[in-house]
Amino acid sequence: MNLIKCENGHFYDAERFPSCPHCSGGNSVAYQPTMPAETVDFGATVIEETTIPEPQPPVDEEKKPIPEVTADTQKTVGYFEDAIGAEPVVGWLVCIEGKHFGEDFRLVAGRNFIGRSSSMAVNLSGDASISRDKHAVIVYEPKSNAYMIQPGTSKELCYLNDQVVLEAKQIFVNDIITLGSTKLMFVPCCSDKFNWSDTQKQEEE
C-alpha cells in the first residue's frame, strides 16, 4: 500500500487510485469502494421453531376395540357348547322336492334361519323363489325338547303340511315344510328317548 496525501488533506492508496477518490467524488476509474470488513453484517441465522410430536404408546393388539356385533351377523350361541364342548346336531331338513332334491341340512339348538344367502343355517341358494334372508326359522328349544317353525322377516310365506305359517307352530317327525318351490321333510334327532342334555348328565354321574 502506498498512502499519499492530496492537496485537500485526504489520504488514499496511490497503488489503487491514480488520483484522490475523495476529491473526485468516487468517480475515479479505479475507484471501487468497499465496506470495511468489520462493518459487514452477515445476518443472523433464523431457526424456525418446530413442534416435536409427543410419543404415542404402542398399540396393544390384544386390547383393540371389539367390532360391534349386530342382530343380522350374530350367530346363535350354542346351548350345548359349554356343556359338551361342541354344538351337536339336533335334527335335519331333507329336501324331497325342488332344486336341492336329496340334500340334507343340519339343524342345531336355537334358531336356524332359512334362505338363499350363504349366511343362512339352511342355505337354499338354488331356489330363486325363496327369499335371500330369513324366509323362515326352525327352532329347537332344548329345555322343553320341542321343535317349532316360525315365519321369518321376509314378505314371502312358508307352509307346514300345506297350511300357511303365520305364527310359531310345533313340528314333528316327517312334517313337510314348503318354501317357494322347495319341499323339506323334518327329521328330528332329539326326542323323549334321546336328548343331548340327558347324555351329558349320564357322563357326569
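In the predicted model, strands E8 and E11 are paired in the antiparallel sense, with two bridges between them. Within this pairing, Ile 149 is positioned opposite Lys 169 of E11. Both strands belong to an open sheet of five strands, whose order is E6-E5-E7-E8-E11 and whose pairing is mixed. The edges of the sheet are formed by strand E6 (122–123) and strand E11 (169–170), each of which pairs on one side only. In general, the strands of a sheet are paired through backbone hydrogen bonds, in either a parallel or an antiparallel arrangement.

Strand E8 (residues 146–151) is also paired with strand E7 (residues 136–141), again in the antiparallel sense, and six bridges are found between these two strands. Glu 141 has Ala 146 in E8 as its bridge partner, while Val 137 is placed opposite Gln 150 in E8. E7 and E8 form a hairpin with four residues between the strands, and in this hairpin a positive phi near 55° is adopted by Asn 145.

A further element, strand E9, spans residues 158–160 and contains Tyr 159.

Technical notes
Residues numbered from 1 in each chain as written. Predicted model: local features only at pLDDT ≥ 70, side-chain atom pairs only at ≥ 80, totals over all residues. Heavy atoms only, no water. Pairing = 2+ DSSP bridges.
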